[in-house]
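Work through the exercises below with the sequence and the model at hand. Each task is followed by a solution in steps.

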Amino acid sequence: MAEKISDETPNPEKINDESPNPLAPSNDEESITAPSKDQTRKKQMKCLLYIILFAVFQTGIILLFVLIFMRMTNPKFRVRSGSFFDTFNVGTEASPSFDLRMNTQFMVKNTNFGRFKYKDGTVTFAYKGIPVGNAMIEKGRVGARSTKKVDVVVKLRSNGLSLNTRDNELGSDISSGVLPLTSSVKLKGKIHLMEVIKMKKYAQMNCSMEIDINSRTLGNIMCK
């Protein structure tokens, strides 16, 4: 018995519906594309964060530098102490005079964050405004936020005083047992900050003190 041949012809639309579309993205492509976008977004966010952090860091450095730079102050120079040895000659009220040799200790205090380099200077000691002795301060330097002590021998003599000052004021002070003195100096120099910034500053001193003739000591040191 002969087989019956079907006269149904295939439907092209049905064939096309059943065949896969080569242009549509596969699940694998979608799974690859999504993470790559996330990674790119994360990289961009990291870069933006680094830029912000760097800008904040730079701003902080600039502010710190400005605060340090603007707060630079003049170092302080002071008479710290004084002592007398072999030469200590003081006259009388009737014949007033003095010839002293004082070992003087000075102090240079630098409160800045940069070191202070100063030039040579001369400290003038005076009695009633008249110079009676000098102390030579050699050039040097003080570290950042440090204090330096300088020892100098000073000769104090009344040779330069006028007769009127000697007879009246000096005679009276010798009688009281106290010789009042003043000292002054202005040490010029520069503050060196990180070997980049150099700002001109000076250490100025105006001190008053008293020599106790009986105990041969220096006291009542007041500086400004």
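The model is predicted, so local features need pLDDT of at least 70 and side-chain atom pairs count only at pLDDT 80 or more, while totals for chains, interfaces and linings use all residues. Residues are numbered from 1 along each chain as its sequence is written, and side-chain values use heavy atoms, with hydrogens and water left out.

**Exercise 1.** Locate N110 and decide whether N110 is buried or exposed.

Solution. Step one: N110 lies in strand β2, residues 98–110 (strands are DSSP runs of E with at least two residues, helices runs of H or I with at least four, numbered from the N terminus). Step two: the relative accessibility of N110 is 2%, so N110 counts as buried (under 20% relative accessible area; exposed is over 50%, partly exposed in between, with a 1.4 Å probe and protein chains only).

**Exercise 2.** Find the backbone oxygens that the side chain of N110 reaches.

Solution. Step one: the backbone oxygen of G114 is at 2.9 Å from this side chain. Step two: for the backbone oxygen of G143, the distance to a polar side-chain atom of N110 is 3.1 Å.

**Exercise 3.** Which residues have the most contacts inside the largest nonpolar core?

Solution. Step one: this core has 41 residues (buried Ala, Val, Leu, Ile, Met, Phe, Trp, Tyr and Cys joined through side-chain atoms within 4.5 Å). Step two: F77, F106, F125 and L156 have the most contacts inside it. Step three: strand β9, residues 197–212, gives the most to this core, seven residues.

**Exercise 4.** Is V56 buried or exposed?

Solution. Step one: V56 is found in helix α2, residues 27–70. Step two: V56 is exposed because its relative accessible area is 56%.

Key. Polar contact = N/O pair within 3.5 Å; in protein donor to acceptor, adjacent residues only side chain to side chain.
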